[in-house]
Amino acid sequence: GNGAAASTRRILFVWQNDNNTGTNPPAGIDNISLTSNTPPTVVNMSNGSISTCNATFYDSGNTGNYTNNQNLTYTFCPATAGQFIRASFTSWGVEANFDYLSVFDGNSTAAPMIVGSSFSATSPGTITATTNNASGCLTFKFFSDGGTVGSGWVANVTCVATGATPPSSITAQDCQGAYTICSGANFNYQSLGSGIFNDANSGLGNRGCLNNYANTPNGSAEHQSVWAVFSPATNGTIGMTLDPAGSSTTDYDWAIWGPFTGSVPCPPQQAPLRCSAASANNSAGAMTGMGNGAADVEEGAGGNGWVSTINVTAGQLYLIMVDNWNATSAPLTLSWQLTNGATLDCTPLPIELVTFTGKAKGKNNYLEWITASEINNDYFTIERSIDGTNYSEIGTIKGSGTSHETKTYSTIDYTPSTGINYYRLKQTDFDGGWKYSGIVAINTDYANGSISNIHPNPTNSDINFEFNAPLAGSIYLQVFDYTGRLVTEDNMAVSEGNNSLQTSLNNLAKGIYSMKVSFNQTGFSSVTKIVKQ
């Protein structure tokens, strides 16, 4: 630790014996070994790059706060060829939702983003370059706005011999899993997340107005998103209306890329053709879209929700991403306004899935789906997840090959996890092609029944409550006094779903009681303290 300039250092060991007997400490010391470790290179966030396998990576403030209005890019590459950079963040303090650290799986910002990027409120944790990354490098891009600053971060940068496994699952929340919107039909969807791949975030210049949420150009453009593809069958003009299903406070933002020919690039690399990031309160019912007399092609948060229609040519391809900025899981309906002869094409999909539903009954989760038609449908794979991201197979069901009749399928998950279980279908063709369905979430916390809204409490007469039953049956209600003596009981029939119920305490004296509600069909039981005034 001596800071004086010198090429030689000396470590002195001093031994002192207290002249007492015993084996600790012993009478002599030997076998002392010294190991010299090169201290890590200290790297403060700036514009630059380094090849290293031993560094400590700080924000620009090092042990202090970073500053406002930063837009910096730094790349770490492995000092040993064939290895992969790993960054383990041990400290994190970035202004949530305004300052962002974006991490790219390569040696520049042109590389795909690491899953989870851009990082703001939550630490990146440990990040490793993936095996898809031939350079083994990681590139970090930091943006801070002009407001509040934070303590920044500390990360240990090392090299590992094996890269991380790249993501492989694809959903409708990913560009490559985009729905095909068919023949101008309304498009209905409810998103629960941002998918496995951060497509809209992968290129920080491909997002148009979505690139500047609250003046944060590195901020995430996917909160709860869905991707879809549409193609005009005839020339004309296309408008559309995006309605957040009656939720006037849900802020849906969107972008359309195109036109493309032959295929749609995922993720898109160019700026959007149309884009709106208008706040929900800027238009009636929080609706947004193309049309309504608008002449602009792009608008930020201060826009009125509407941009101009597009003139299309038959055979062109367009890609749309819609994002629920509030992450409220509110469903959306996209309806089309096709004028001047425009119609939408309908490329046949391997399967036309009408519904995919699920519900808990007792200890099991029941899944059902209906198809209107199938083309070369070999089989369905049922997949389950407990976090909405990582899925595993729990069963398969044979498809109907080619069919133009309505088919109904069902299966039962006999071993769901406690809490929310997420399910999706993977439909596989005879030629090996496949496509994912949307996601169904089932909360097993309520699988046996649930009691809620117990009121009034205290009461001077009746107690009201709601019981959500997974199936029709009856509940057994008991009231006990403070000594544990049963003072009243009742059997109440309930139907499947939510039931509003009431029991009378008029004949009871003032005091404290326990109300026990049991549902014999599932073994549900709940005890609540109630007060009679």
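# Report on a predicted structure

N62 lies in the loop between strand 3 and strand 4. In this predicted model, N62 has a positive phi of about 55° although N62 is not a glycine. The loop between strand 3 and strand 4 is also the place of N69, and the phi of N69, near 60°, is again a positive value in a residue other than glycine. Most residues other than glycine have a negative phi. N69, at 61% relative accessibility, counts as exposed.

Two cis peptide bonds to proline are described next. The bond that joins G258 and P259 is cis, with omega about -5°; P259 belongs to strand 15, which spans residues 252–260. The peptide bond from H455 to P456 is likewise cis, and its omega is near -15°. P456 is placed in a loop, namely the one between strand 30 (450–455) and strand 31 (462–469). Most peptide bonds are trans.

## Disulfides

The structure holds three disulfides. A disulfide is a covalent bond between the sulfur atoms of two cysteines. The table gives the S to S distance and the torsion about the S-S bond for each pair.

| Disulfide | S to S distance | Torsion about the S-S bond |
|---|---|---|
| C53 and C159 | 2.0 Å | about -90° |
| C77 and C137 | 2.0 Å | about 110° |
| C209 and C275 | 2.1 Å | about -85° |

The torsion of C53 and C159 is about -90°, so this disulfide is left-handed. The pair links distant parts of the chain, 106 residues apart. C53 sits in the loop between strand 2 (48–51) and strand 3 (54–58), while C159 sits in strand 9 (residues 152–160). C53 has a relative accessibility of 24% and counts as partly exposed, whereas C159 is buried, with a relative accessible area of 16%.

For C77 and C137 the torsion is about 110°, so the disulfide is right-handed. C77 lies in strand 4 (residues 71–77), and C137 in the loop between strand 7 (126–128) and strand 8 (138–143), so the pair ties together parts that are 60 residues apart in sequence. C77 has a relative accessible area of 19%; because buried means under 20%, C77 falls into that class. C137 is buried as well, with a relative accessible area of 3%.

C209 and C275 form a left-handed disulfide, because the torsion about their S-S bond is about -85°. C209 is found in the loop between helix 1 (199–202) and strand 12 (225–230), and C275 in strand 16 (residues 274–276), so this pair connects parts that are 66 residues apart in sequence. C209 is buried at a relative accessible area of 7%, and C275 is buried at 1%.

## Aromatic residues

The structure holds 19 aromatic pairs. One aromatic cluster is formed by F57, Y66, Y74, F76, F89, W92, F140, F142 and W153. An aromatic ring also takes part in a contact with a charge: the charged end of R424 sits over the ring of Y391, 3.9 Å from the ring centre.

Four strands form an open sheet in the order 33-32-35-36, and their pairing is antiparallel. Strand 33 (486–494) and strand 36 (524–532) stand at the edges of the sheet. Each of these two has a single partner strand, so one side of strand 33 and one side of strand 36 are left without a neighbour in the sheet. Neighbouring strands of this sheet are turned by 20° against each other on average, direction ignored.

Strands of a sheet pair through backbone hydrogen bonds, either parallel or antiparallel. Strand 32 (residues 473–480) pairs with strand 33 in the antiparallel sense, over eight bridges. Which residue of strand 33 stands opposite I475? The residue opposite I475 is M492.

Notes. Residues numbered from 1 in each chain as written. Predicted model: local features only at pLDDT ≥ 70, side-chain atom pairs only at ≥ 80, totals over all residues. Heavy atoms only, no water. Pairing = 2+ DSSP bridges. Axes fitted to C-alpha atoms, helices over the stretch in contact; angles between N-to-C directions. Disulfide = S-S within 2.5 Å. Buried < 20%, exposed > 50% of the residue type's maximum accessible area, 1.4 Å probe, protein only. Phe/Tyr/Trp six-rings, centres within 6.5 Å; stacked < 30°, edge-to-face > 60°. Lys NZ or Arg CZ within 6 Å of the ring centre and 35° of its normal.
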